[in-house]
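Have a look at the structure first, then read on.

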Amino acid sequence: MTDKKEQPLLPRKQFSYDNVPPKPATEPPLPTSEAAQNHTPNPYRNSNITHEKIAAIRAKATNPTPPKIDHCQPSDTYPEAFPHFVRGRDSVREYITSLFTSRIAMYDGAMGTMIQNYAKKNKLEEEEYRGERFKDWKCNTKGNNDQLSITQPHIIKGIYMEYLEIGGSDLIGTNTFSSTTIAMGDYEMEDYVYELNYEGARLAREACDEVTAKDPTKPRFVVGAIGPTNRTGSISPSVEDPSARNVTFDELVDAYFEQVVGLMDGGADILMVETIFDTLNAKAALYAIGEYLEFSGLDIPVFVSGTLVDQSGRTLSGQTGEAFYASIRHAKPMCVGLNCALGAKHMTPFVEKLSKCVECFLHVYSNAGLPNAMGGYDESPDDMAQANKVFFENGWLNMVGGCCGSTPPHIKAIREMSLSYKPRKLPDVGRPKMWLSGLEDLKVEDVHNHLGLPFLNVGERCNISGSLRFKKLMMSGDYGTAMDIAKKQVEDGAHVIDINVDDGMLDGLAAMQKFVKIAVTEPEVSKVPFMLDASKFEIVLAGLKWCQGKCIVNSISLKVGEELFKEQATLLKKHGCAVVVMAFDEEGQAATEEDKVRICKRSYDILVNEVKFPPEDIIFDPNVLTIGTGMEEHANYGVDFINATKTIKEICPYVKISGGISNLSFGFRGVMKIRESIHSVFLHHAILESGMDVGIVNAHEMLAISEVEPEIKTACENLVFNKTPDATDIMLDLTKKEKDRLEALKNGGGATEVKQSSWRDFDVTKRLEHALINGISQYVDQDVEEARQQAEKPLHIIEGPLMDGMNIIGDLFGAGKMFLPQVIKSARVMKKAVAYLIPFMEKEKREKMIAEGKNPDEFDENDDSNFAGICPIRLNFRCCHNIL
């Protein structure tokens with residue numbers, strides 16, 4: 001951003017609904033389904049769920065005998081009212097709310113650790129994993145712990161029983177962490193996914209029912225465990241191609257949906273999406289759960305558990321804990337928290353942050369410390385309980401358990417420690433806010449821009465219609481340089497990046513997907529949310545499926561008719577994005593104040609009352625139209641927009657108002673000073689007096705109202721507010737004067753440009769280190785060549801500045817000051833540098849062999865004595881989950 005005098009923060013326009021005091025919460029935010037809103041008990045009669053997609057999964061099930069999928073109990077099995085619970089009679093949602101608000105509930109501990117412990121005392125080799133059922137299986141299956149639910153059910157049920165009876169768990173997770181078609185591909189067992197989930201849940205159901213029968217005042221619940229799979233939607237598996245992926249959103253949804261059907265048919269009470277290291281995978285799982293709930297009409301509580309992989313407090317895909325929550329809160333999880341990767345002590349600062357922002361219940365199930373050199377965990381039950389004590393003392397948790405390294409005695413010790421403490425109080429319910437996320441979170445209502453205005457800057461320069469340079473780059477396929485434009489916008493003050501690749505000569509569907517897939521791997525770009533902008537709905541939907549954060553879709557409108565409008569809005573609601581709604585209807589674009597208000601109010605009523613779209617996630621664009629054209633019918637467009645903005649905000653609570661600001665001054669294009677002066681006056685009044693919240697702008701060029709020259713300011717006010725009949729003529733005169741001034745400067749009358757200091761002024765060694773650390777590949781070839789000219793051997797460049805840079809990266813990563821997407825960028829720069837040097841190293845080696853009298857064409861492919869083009873970097877990726 002250009003250096004400007006720091007501006008004071010100006011107050012946001014207040015409306016009646018902004019001053020409603022917060023109220024105490026009685027339960028977590030509810031999904032919008034009728035069953036959830038009414039707390040309708042799950043009847044546990046799954047045989048009545050006959051949706052064709054669910055029926056198709058059951059039809060291909062591999063269970064040797066028809067599975068029992070109904071799990072209802074007679075209503076008089078146990079007495080009515082809490083603490084008793086009867087399936088089919090009572091609402092799980094209501095029971096969990098009562099449980100989590102009366103005491104800290106207990107989850108279970110590690111399944112993998114318990115299986116390992118069993119194997120230390122009993123034979124558990126390939127033969128036992130296969131069992132009789134899979135004795136002739138085509139590949140090794142040892143290590144497929146989920147398979148044991150089928151081949152060694154007594155082991156798995158025994159572990160469940162230990163957590164229930166010794167640990168005192170109120171809820172236990174099923175042995176289904178890897179039971180998706182994607183993860184089971186490692187064992188060629190994709191066809192058995194339904195059965196694996198069914199059996200994992202069925203055994204847990206049996207164990208819970210047996211223990212509940214012994215003490216009906218302490219019902220036990222089955223939590224269907226849904227793991228992250230072994231693929232990621234947000235991270236490229238290829239160092240060379242940041243747009244490459246080995247799984248799609250739709251493939252993840254299909255895999256998770258099949259898992260959900262098996263879990264529910266097996267008797268799960270709750271569904272838990274856990275160990276989230278890539279939020280895009282979690283969003284796919286939540287989408288699949290949403291589809292199941294829609295098809296079945298059930299109310300099933302959903303828990304979500306993220307994994308922050310190191311002391312940076314970020315997921316493997318780079319999100320902070322707050323951004324992770326903002327990305328998934330649309331699914332209305334009943335409980336959110338953290339598990340795995342870290343011990344309780346190392347989780348403390350991140351749990352505290354979540355406790356301050358999560359609107360639902362909060363849980364933690366940490367590892368038993370960090371892994372030792374042998375991959376084991378050293379914390380004793382007492383150690384682990386003591387480490388969790390800080391959570392209880394501060395009142396941060398509603399549920400606690402254990403992950404890697406924990407056992408029933410660990411859970412028992414944690415439970416006993418928790419007994420003297422009260423559970424976390426749900427936060428008060430206040431005014432809803434639009435909460436977006438990229439790698440970091442952003443609440444729109446809390447934002448002030450670099451000019452001190454309560455306004456969200458949406459960067460316009462990654463829009464083909466907003467930047468000729470961006471258009472040329474996209475048409476030529478230069479996505480790398482296009483990322484530099486996006487990065488510059490963030491540096492200049494854009495809170496959100498608008499992405500639009502609409503052009504008749506470009507495959508918009510492919511271009512949007514490729515741009516987004518690359519952008520999400522660029523930390524300097526993806527730290528902010530995206531606005532996916534296209535005239536075709538299928539293009540924004542395709543881009544949406546590659547965004548792990550909560551983004552904005554631009555746009556939908558009533559232009560397509562009510563039914564399609566509702567269909568599109570419903571789909572966007574399922575994906576959890578915010579939406580721009582244009583002031584268009586079946587008759588066309590709204591130009592007058594009256595039409596803008598009428599169309600936006602009609603759209604609002606449909607979205608909020610029929611689609612149940614969150615009103616705070618609606619952004620109306622009442623159409624910023626061009627003024628100063630000389631046509632009388634255009635003269636009041638600025639006034640109409642500003643007046644309509646205030647009215648729409650008054651009658652449509654919690655919505656935002658946006659617009660494409662460059663449209664306003666289109667008639668004065670080419671003279672930036674005049675255009676930005678018009679924008680400054682317009683925005684000052686639209687924001688502070690009418691409550692405009694959002695705009696697509698070039699933040700770098702924006703002017704504060706105090707920076708507008710007095711003569712131009714008066715002319716702008718007359719033009720924007722249509723005060724005088726000669727406002728356009730006066731502005732044209734000022735525009736001509738400014739053009740003449742610019743022409744004079746161009747012809748030699750300008751000031752001398754002051755050269756800004758840059759990292760490009762460093763010596764070549766420091767330039768290479770800087771490029772590696774910051775992931776800048778633009779100058780690598782020329783810098784490596786310069787370094788090669790100075791070095792005795794090409795290899796010395798790798799061993800010197802390149803490895804020095806990579807060592808710094810390793811240290812920064814280990815200290816939590818860099819995170820994975822940044823490291824991947826650095827690795828790409830390293831690879832490019834080494835690739836440049838390899839031909840010179842090859843030549844050097846050939847010349848050496850000839851000098852030694854050897855034939856250079858007789859090359860041993862396994863000989864790496866001189867070089868191998870391999871760059872090791874020491875990064876301590878801790879265990880992501882105990883699945884051994």
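Which residue of β8 does A105 stand opposite? A105 stands opposite M399 in β8. Before going further, keep in mind that this is a predicted model, where local features need pLDDT of at least 70, side-chain atom pairs count only at pLDDT 80 or more, and totals for chains, interfaces and linings use all residues. Residues are numbered from 1 along each chain as its sequence is written, and side-chain values use heavy atoms, with hydrogens and water left out. Helices (H or I, at least four residues) and strands (E, at least two) are DSSP runs, numbered from the N terminus.

**The sheet**

- Eight strands form an open sheet in the order β1-β8-β7-β6-β5-β4-β3-β2, with parallel pairing; two strands pair if DSSP finds at least two bridges between them.
- β1 and β2 (171–173) are the edge strands, each pairing on one side only.
- β1 (residues 105–106) is joined to β8 by two bridges, and the two run parallel.
- Four bridges join β7 (residues 361–367) to β8, also in parallel, and V364 has V400 as its bridge partner in β8.
- β6 (residues 335–343) pairs with β7 over six parallel bridges, with L362 in β7 as the bridge partner of V336.

**Strand β8 and its crossover**

- Strand β8 (residues 399–402) is covered on both faces: M399 and G401 sit on one side, V400 and G402 on the other, and all are buried (under 20% relative accessible area, with exposed over 50% and partly exposed in between, using a 1.4 Å probe and protein chains only).
- β7, helix α13 (residues 381–393) and β8 build a right-handed β-α-β unit; right-handed means that, with the strands pointing away from the viewer, the path from the first strand over the helix to the second runs clockwise.

**Around β5**

- Five of the five residues of β5 are buried.
- V302, V304 and G306 point one way, while F303 and S305 point the other way.
- In a regular strand the side chains alternate between the two faces of the sheet.
- β5 pairs with β4 over four parallel bridges, and M272 stands opposite F303.
- The chain gets from β4 to β5 through α10, in a right-handed β-α-β crossover.
- β5 and β6 also pair in parallel over four bridges, with F303 opposite C335 in β6.

**Helix packing**

- α10 (residues 279–296) lies across β3 (221–226), β4 (270–276) and β5 (302–306), running at about 170 degrees to β4. Axes are lines fitted to C-alpha atoms, for helices over the stretch in contact, and angles run from 0 to 180 degrees between N-to-C directions.
- The axes of α10 and α20 come within 9 Å and cross at roughly 125 degrees, which makes α10 oblique to α20. Angles under 35 degrees count as roughly parallel, over 145 as roughly antiparallel, 65 to 115 as roughly perpendicular and the rest as oblique.
- K283, Y287, E291 and E294 of α10 meet L571, K574 and H575 of α20; contact means heavy atoms within 4.5 Å.

**A helix tucked inside**

- Seven of the eight residues of α19 (residues 537–544) are buried, so α19 is largely enclosed by the rest of the structure.
- Its buried residues pack against α17 (508–519), β13 (530–533), β14 (552–556) and α20 (562–575).
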